[in-house]
Amino acid sequence: MSYLELKNITKEFGKLAALEDVDLQVEKGEILGIVGPNGSGKTTLINVISGYYRPTGGEIFFNAKKISGLRPDQIAKRGIIRTFQSNVLYEGTTVVESMLISSYQQYRTKNWQSFFETRTWKDENETVVGRVIELVKLLDLLNDTFLPAEGLSHGYQRMLGIAMAMIANPSVLLLDEPTTGMNHEEAMFVVDKIKKINEQGVTVILIEHNMKVLLDVATRVVVLSFGTKIADGKPEEVMNKQEVIEAYLGTETI
Amino acid sequence: MRFIDYKNVVPKTVIGLLVFLILLIPVFTTNVATLSMLILSGIWTVAVMGFTLVLRTGQFSLGQSAFLAIGGYTSAIFTVKLGWPFWPSFFLAGMASGIVSLLVGMVVLRVGNIYFSIITLALGEIVRIIAQQWEPVTRGTRGLILSPPPPIILGGFKINFEASPVPYFYFTLCLIAVTALILWQIGQSRLGRAFAGVALNPVLAEHQGMHLMKYRVIAFTVAGVFTGLAGSLYAHFLTVITPYVFGLWQSIQIMIMSIVGGISSLVGGPIIGTILLYTLGDYLTRVKTFGIQPLLFGAIVVMVLIFLPKGTGLVDLWGRFWTKVVWREEEYEPDTPDD
Ligand SMILES: Nc1ncnc2c1ncn2[C@@H]1O[C@H](COP(=O)(O)OP(=O)(O)OP(=O)(O)O)[C@@H](O)[C@H]1O
Ligand SMILES: [Mg+2]
């Protein structure tokens, strides 16, 4: 069985099937790109994997254990962390505060130990602060560390979204269009960081509209159209498939 | 930068001095009316602290008076009807109230938000109605008559609760101190951060591994325990407990006191808000302008919301939860170029 495996996943909203019988295998260490026209079910796929929605049919396995039906926090605890298509922040916090709230899963210290301010809590705090600094540097947020998150530009809020997901300690990172609304240069910067994150041993599932970006970063690409998987393979092969080109005609230029 | 302010919002020496002065109050005045007012506002302060803690997980409880009532009645029933001594009844009051908040929390806090507010509001009324209707145990509207705690013998020195309100004054201070200490520790711990996450963005927090219900229930239960203890003290101090003193208006007062004091601090805000409004309410009652109190309190809340929105909204206030951690950050000198 693969690292992360979706079996016959279906998600219906009333009569609309946002996902229909989707089978997907994700191997440890890969960067899997997901493309598809607007409304093809990409975000729903992430929502179903991360537990935001329960699939109406099918099962999801991670590390050979069933995770479909679990709550989002239980799935996050197993190491699957997602970002959001829009900028989702902790309102009113600074970058460093957002990072510290998000560092929840970095700790092995129990709540009661932190209550009594034990040695382990203090030590672990220092480690975590170090990791926060590392990530803030990685995503170019160092100079904004103490600024309100809401005051950041769109691009930097996207970066913060990734940084917060990273401090949540992912084994699998689900990125929902991290480069949306960015110019080419910014997008390439993010792509570079995604590669770095992947090199740190994190498996990445990346939703991305921009085919050029995917060709550059993805080790494999899956194409969704109307909630079904229409292609799955090496980026170059998938891009040239007739069905894929058709699915994109009129909705997206490749 | 603003995070530096968090380190010492109020300097320790100032807090120390304030505590010292408060401890000395009975030396300057033994006036029963003055001390009674301070004691009662102190008891309400504990309830307001509980409310504020719950609010900091993003939940509005409209039934905190229920826990004062549960604490008060537990204590009254066990001492009066069952002949238990004071101390076990006092702690049992906190436990009973805590258990009720735990159970109610586990049922309602799964969904939280408006449902939580509505159910807690209903809980407040249900508890009051039970106190009114359960005649054989609570004596209905006639209420129960309690006796003060027994004297405490400390090194040949006898502290007598019947002679003057001074012992109650110190008892109340102890209760506030213990509550404050626990809230402070919660604030600096992982719990404090998780509370902030859960309140500021539940969806995001949940996707980062925080179990929403768990943290909401912890806050609500801690609040329940201390509010129950406060309720017990309240009943023993007044030596009478009737259903009239625990209703929606009391719950709303707790809410107003919390908002007026500001929820930026779990301890300072509730103390300031409660003393301010309790004194005002007490004065209004004494000059016999009953109807005006709710109006005036409402007006005060509106003023606070208009003029100090940052002191009352959920935003911009979490910093003080983190004092220590954020402060440590300084050593990394984030403005120096790197790499
Ligand atoms: N909560 C919901 N209720 C009803 N319908 C929904 C819901 N969420 C998604 N849908 C529908 O499911 C389909 C797939 O939506 P989804 O957001 O997954 O698309 P997407 O591939 O992420 O599109 P985009 O590129 O615009 O982000 C759409 O038709 C959408 O309207
Ligand atoms: Mg989408």
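How many salt bridges does the structure hold over all chains? Eleven. Keep in mind that this is a predicted model. I'll come back to the salt bridges. First, the ligand.

Ligand 1 has 15 residues around it. The ones that come nearest are A:Lys42, A:Thr43, A:Thr44, A:Tyr53 and A:Gln85. Let's take the polar contacts one by one. A:Lys42 puts a polar side-chain atom 2.8 Å from an oxygen atom of ligand 1. A:Thr43 has a side-chain N or O atom 2.7 Å from a ligand 1 oxygen. A:Gln85 also contributes: a polar atom of its side chain sits 2.8 Å from an oxygen atom of the ligand.

How much of ligand 1 does the protein cover? On its own, the ligand has 630 Å² of accessible area, and the protein covers 65% of that.

Now, which elements build the shell? Strand E2 of chain A, residues 16–26, supplies at least two residues. So does helix H1 of chain A, residues 42–49. Of the elements, H1(A) gives the most, with three residues.

Next, over to chain B and its surface. Which residues make the nonpolar patch there? They are B:Ile15, B:Val19, B:Leu23, B:Leu181 and B:Trp184. The patch comes to about 460 Å². Two helices of chain B each give two or more residues to it: H2, residues 12–28, and H8, residues 166–188. H2(B) gives the most, with three.

B:Leu181 is found in helix H8 of chain B. Is B:Leu181 buried or exposed? Its relative accessibility is 54%, so it counts as exposed. The cut-off for that class is over 50%.

Back to the salt bridges.

Pair one is in chain A. A:Lys66 bridges to A:Glu59, with the closest N and O atoms 3.6 Å apart. How accessible are the two partners? A:Lys66 has a relative accessible area of 44%, so it is partly exposed. A:Glu59 is at 33%, so it is partly exposed as well.

Pair two is also in chain A. A:Asp216 forms a salt bridge with A:Lys195, and the closest N and O atoms are 3.3 Å apart. This pair links distant parts of the chain. A:Asp216 lies in helix H8, residues 211–217, while A:Lys195 lies in helix H7, residues 184–199. The two residues are 21 residues apart. On accessibility, A:Asp216 has a relative accessible area of 36%, which means partly exposed. A:Lys195 comes in at 29%, again partly exposed.

Pair three takes us to chain B. The side chains of B:Arg128 and B:Glu125 meet in a salt bridge, 2.7 Å from N to O. Where do these two sit? Both are in helix H6 of chain B, residues 113–133. They are three residues apart, about one turn of the helix. B:Arg128 has 22% relative accessibility, so it counts as partly exposed. B:Glu125 is at 23% and is partly exposed too. Buried would need a value under 20%.

One last item, in chain A. Salt bridges that share partners join A:Glu30, A:Arg220, A:Lys229 and A:Asp232 into one network.

That's the tour. Please have the structure open for the discussion.

Key:
Residues numbered from 1 in each chain as written. Chains lettered and ligands numbered in written order. Predicted model: local features only at pLDDT ≥ 70, side-chain atom pairs only at ≥ 80, totals over all residues. Heavy atoms only, no water. Near = heavy atom within 4 Å. Polar contact = N/O pair within 3.5 Å; in protein donor to acceptor, adjacent residues only side chain to side chain. Areas by Shrake-Rupley, 256 points an atom, 1.4 Å probe, with all protein chains shown as cover. Helix = DSSP H or I, 4+ residues; strand = E, 2+ residues; numbered from the N terminus. Patch = residues over 30% accessible without salt bridge, like charges linked within 9 Å, V, L, I, M, F, W, Y side chains within 5 Å. Salt bridge = Lys/Arg side-chain N within 4 Å of Asp/Glu carboxyl O. Buried < 20%, exposed > 50% of the residue type's maximum accessible area, 1.4 Å probe, protein only.
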